[in-house]
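I opened my notebook to look up a pocket and the strands around it. Here is what I looked at.

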Amino acid sequence: MTAIIDNITTNRTIGIELEVIRDANTTYGDLAEHCRNSLNARISNNSGIEAEGYNHITRDHWKIVSDGSLGSSGAEIVSPILGGDVQKLRSAIEHIRAICDGANDHVRINSSCGFHCHVGVSDLTLQQVKNVLKAWVKYEWVFFSFVSPSREGSYSRRIRLTNRFQTQSSRYESAMFQRIDGANDLQELISVFQGGSRFRALNIENIATRGTIECRLHQGTIDADKVINWMLLFSGLVDGFKNSRLRYSRLACNESQTDHGARGQLTVDKGIRRLFKNIYKNNAKALRKFYQLRAKNFNKIDGQRIN
């Protein structure tokens, strides 16, 4: 598996959090040392990594902190602010590869672990934020096809469960679009979208304080390719839809395990293709195929040919 970066550029700032379970004999300090050794072997002028007590302080270096949701063996590998331009993005990718390689033999992943990705949106107007949120409303079900069914949990719930419209249909999209459009300011938009909880697949509560939105959807991973491709996908969602004026769909979304939906239904594969028409101006064919294969692996697409 290879991370897809050809023809893809983003000037978005990015932050990642990798939840892991430490091996029995691996302390926080040990894990930091393993990652530090990997960084030093690969990157002469790297940002470093330290084991710290639990905190939410944004550092200039990577850090390893405890994570109460994972029990006493849990840990979270947290990045500094990454990216911001193409050169910094490529440096971030090198750092992610080194960190994942350093941690790989000393941690494990279980279904309680998640991978959270933050993307900077402080430059967006209120209308542009609304446009991105409408895109998430429209394509959230497609994003769920890319991840393990275990992510349908209490820490990454679907946005559609924040309101009484429980089905993926034109009625649901229309209702959510109206609620998003009706928000007069950022705080009202957060209230409308989050439904009082940050534990959604997409969390926008940090827009006002940190200027970021957070995707909490992906299952835990220490696979650098999966990490890199996901952050490129999520960044692409922001830039691809910030200026789009979406209309609600008149097609019913079919999340059954088939690529051969009935007439008037939007299947997973068709949903993926529609999503990627807007992401990186349709120049991310390899990234699209990567996620088509992910959906197929999770039995959301049964077609044998992906092109």
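**Strand β1 and the pocket**

I looked up which element gives the most to the lining of the largest pocket, and it is β1, with six residues. The model is predicted, so I note that local features need pLDDT of at least 70, side-chain atom pairs count only at pLDDT 80 or more, and totals for chains, interfaces and linings use all residues. Residues are numbered from 1 along each chain as its sequence is written, and side-chain values use heavy atoms, without hydrogens and water.

I checked the pocket volume: about 1000 Å³. Of its 45 lining residues, Glu17, His56, His116, His118 and Glu214 are the closest to the centre. A pocket here is an open set of points on a 1 Å grid over the protein atoms alone, where a 1.4 Å probe fits, with protein on both sides within 12 Å along at least five of seven lines; lining residues have an atom within 4 Å of a point. The volume is the space filled by probe spheres set on the points, which are joined across faces, edges and corners.

**Partners of β1**

I then looked up pairing (at least two DSSP bridges between two strands). Strands are DSSP E runs of at least two residues, numbered from the N terminus. β1 pairs antiparallel with β7 over five bridges, and isoleucine 16 stands opposite cysteine 117 there. Five bridges also join β1 to β4, again antiparallel. In that pair, valine 20 faces alanine 75.

Notes: Helix = DSSP H or I, 4+ residues; strand = E, 2+ residues; numbered from the N terminus.
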